[in-house]
Amino acid sequence: MTQATFDVFGRMTSMTKTKNAETVTAAYTYNGDGLRQSKTVVSGETSKTTNYLYDGNYVVQESGSETAMYVRGMNYIAKIGAANSVRLLPV
């Protein structure tokens with residue numbers, strides 16, 4: 001079962017998914033421009049928070065439990081993650 005809650009601006013503020021007696025909850029916060037500022041995912045005893053850094057309307061870096069940087073051209077080109085792993089993104 002999946003349940004989501006939204007704020008008055010229609011932005012998802014939380015989502016809870018239960019499957020096989022395991023519950024995962026994600027909570028989201030937004031900045032004054034309506035862009036996602038953070039995401040916290042709780043699964044059992046584990047909690048991971050990701051914070052987002054923007055250049056205009058585009059995510060350029062994720063920090064927190066996991067880190068990543070994004071390379072942009074006309075669109076997103078690549079995501080550079082932990083241990084310098086590079087994932088090319090479809091254009």
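The legends below describe close-up views of a predicted model.

Local features are given only where pLDDT is at least 70 and side-chain atom pairs only at pLDDT 80 or more, whereas totals for chains, interfaces and linings use all residues. Residues are numbered from 1 along each chain as its sequence is written, and side-chain values use heavy atoms, without hydrogens or water.

**View 1. Overall fold of the protein.** The protein has zero helices and nine strands (DSSP runs numbered from the N terminus: helices are H or I of at least four residues, strands are E of at least two). Its pattern along the sequence is β-β-β-β-β-β-β-β-β. The C-alpha trace spans about 40 × 35 × 25 Å along its principal axes. Of the 91 residues, 15% are buried (under 20% relative accessible area with a 1.4 Å probe, protein chains only). Among contacts (heavy atoms within 4.5 Å) with a separation of 6 or more, 0% come from residues 24 or more positions apart.

View 2. Three residues separate S6 from S7 in a hairpin, and Gln-61 is opposite Met-69 in S7. S7 also pairs with strand S8 (residues 76-80), again in the antiparallel sense, over four bridges. A hairpin of three residues connects S7 to S8, with Arg-72 opposite Tyr-76 in S8.

**View 3. Surroundings of Ser-14.** Ser-14 belongs to strand S2 (residues 12-19). Its side chain makes a polar contact of 2.4 Å with that of Thr-5 (N or O atoms within 3.5 Å, one able to donate a hydrogen and the other to accept it; residues adjacent in sequence count only if both atoms are side-chain atoms). Apart from neighbours within four places in sequence, Ser-14 contacts Gln-3, Ala-4, Thr-5, Ala-26, Ala-27 and Tyr-28.

**View 4. The largest pocket.** The largest pocket holds about 220 Å³ of space (the volume filled by probe spheres set on grid points joined across faces, edges and corners). A pocket is an open set of points on a 1 Å grid over the protein atoms alone where a 1.4 Å probe fits, with protein on both sides within 12 Å along at least five of seven lines; lining residues have an atom within 4 Å of a point. Of the 13 lining residues, Lys-39, Thr-50, Glu-62, Glu-66 and Lys-79 lie nearest the centre. Strand S4 (36-43) and strand S5 (46-55) each supply at least two lining residues, and S5 gives the most, with three.

Terms used. Pairing = 2+ DSSP bridges. Buried < 20%, exposed > 50% of the residue type's maximum accessible area, 1.4 Å probe, protein only.
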